[in-house]
Amino acid sequence: MRFIGITGGVGAGKTEILKYIGQHYKCEIYLADDIGHKVKEPGTEGYQALVELLGRDILRADGQIDKPSMAAKIFADPALLGKVNQIIHPAVKKYLADRLAEARAKGDVELFFVEAALLIENGFGEVVDEMWYIYAREEVRRKRLSVSRGYTPEKIDRIMSSQLSENEFRKHCDFVIDNSDSLENSYRQIRQKLEAYTWRE
């Protein structure tokens with residue numbers, strides 16, 4: 001079984017790529033953002049650590065962490081961001097490690113994926129077997145974000161400037177899928193890549 005990280009800039013089309021993979025291969029797919037929410041749920045170690053760090057006033061009446069309250073605390077004291085990340089990032093990796101062990105024990109999963117825009121920055125290159133970069137030309141990404149999400153040019157500029165450059169993505173990734181054109185062209189690249197695998201050995 002191969003453990004593969006999927007990353008890329010905003011608007012590159014990671015969701016569509018993963019949808020195709022999920023429909024055509026024996027795999028499990030996890031989104032790091034979703035896991036980030038899970039490890040902050042009541043009863044988890046991450047939840048307890050965040051409450052101890054930030055105080056009980058970040059909790060809603062139902063006991064869940066209130067994201068705006070948590071964000072306000074971090075905004076007021078930027079030093080807290082690093083401490084929060086030191087809680088969440090290891091918790092996400094542990095959650096994935098547990099799911100990976102379960103998948104290996106089941107024996108019917110051939111590919112195990114985790115997706116996030118910040119996989120490289122968060123050190124997943126040291127965890128996964130290989131990293132895939134979903135690439136799309138900047139003008140294509142801008143059009144997608146404008147049409148599908150209604151983002152303004154200013155918002156697109158702000159998000160893109162906060163992410164890694166194309167060169168940085170390519171430098172840290174083992175395989176690039178060019179998702180600039182038709183989805184069928186992207187699917188063909190995936191099929192060619194996965195048909196060459198020998199993960200069953």
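Trainee: How many disulfides does the count come to?
Mentor: The count comes to 0 disulfides, a disulfide being a pair of cysteine sulfur atoms within 2.5 Å. This is a predicted model, in which local features need pLDDT of at least 70 and side-chain atom pairs count only at pLDDT 80 or more, while totals for chains, interfaces and linings use all residues. Residues are numbered from 1 along each chain as its sequence is written, and side-chain values use heavy atoms, with hydrogens and water left out.

Trainee: Is Cys 27 buried or exposed, and what about Cys 173?
Mentor: Cys 27 counts as buried because its relative accessibility is 19%. Cys 173, at 12%, counts as buried too. Buried means under 20% relative accessible area, exposed over 50%, and partly exposed in between, with a 1.4 Å probe and protein chains only.

Trainee: Turning to the rings, how many aromatic pairs are found in the whole structure?
Mentor: The search finds 8 aromatic pairs. Rings of Phe, Tyr and Trp (its six-membered ring) pair if their centres lie within 6.5 Å; planes under 30 degrees apart count as stacked, over 60 as edge-to-face and the rest as tilted. One of the pairs is Tyr 20 with Tyr 187, stacked at 3.9 Å centre to centre with 10° between the planes.

Trainee: Where in the chain do Tyr 20 and Tyr 187 lie?
Mentor: Tyr 20 is in helix H1 (residues 14-24) and Tyr 187 in helix H9 (residues 183-195), so the pair links distant parts of the chain, 167 residues apart. Helices (H or I, at least four residues) and strands (E, at least two) are DSSP runs numbered from the N terminus. Tyr 20 is buried at 8% relative accessible area, and Tyr 187 is buried at 14%.

Trainee: Why is the pair of Tyr 30 and Phe 112 tilted?
Mentor: Because the planes of Tyr 30 and Phe 112 are at 35°, with the ring centres 5.2 Å apart. Tyr 30 belongs to strand E2 (residues 27-31) and Phe 112 to strand E3 (residues 111-115), 82 residues apart. Both Tyr 30 and Phe 112 are buried.

Trainee: Which residues do ring pairs link into a cluster?
Mentor: Phe 3, Tyr 30, Tyr 95 and Phe 112.

Trainee: Which residue lies over the face of Tyr 95?
Mentor: Arg 99, at 4.6 Å from the ring centre. A charge sits over a ring if NZ of Lys or CZ of Arg is within 6 Å of the ring centre and within 35 degrees of the ring normal. Lys 93 lies over the face of Phe 124, at 5.3 Å from the ring centre.
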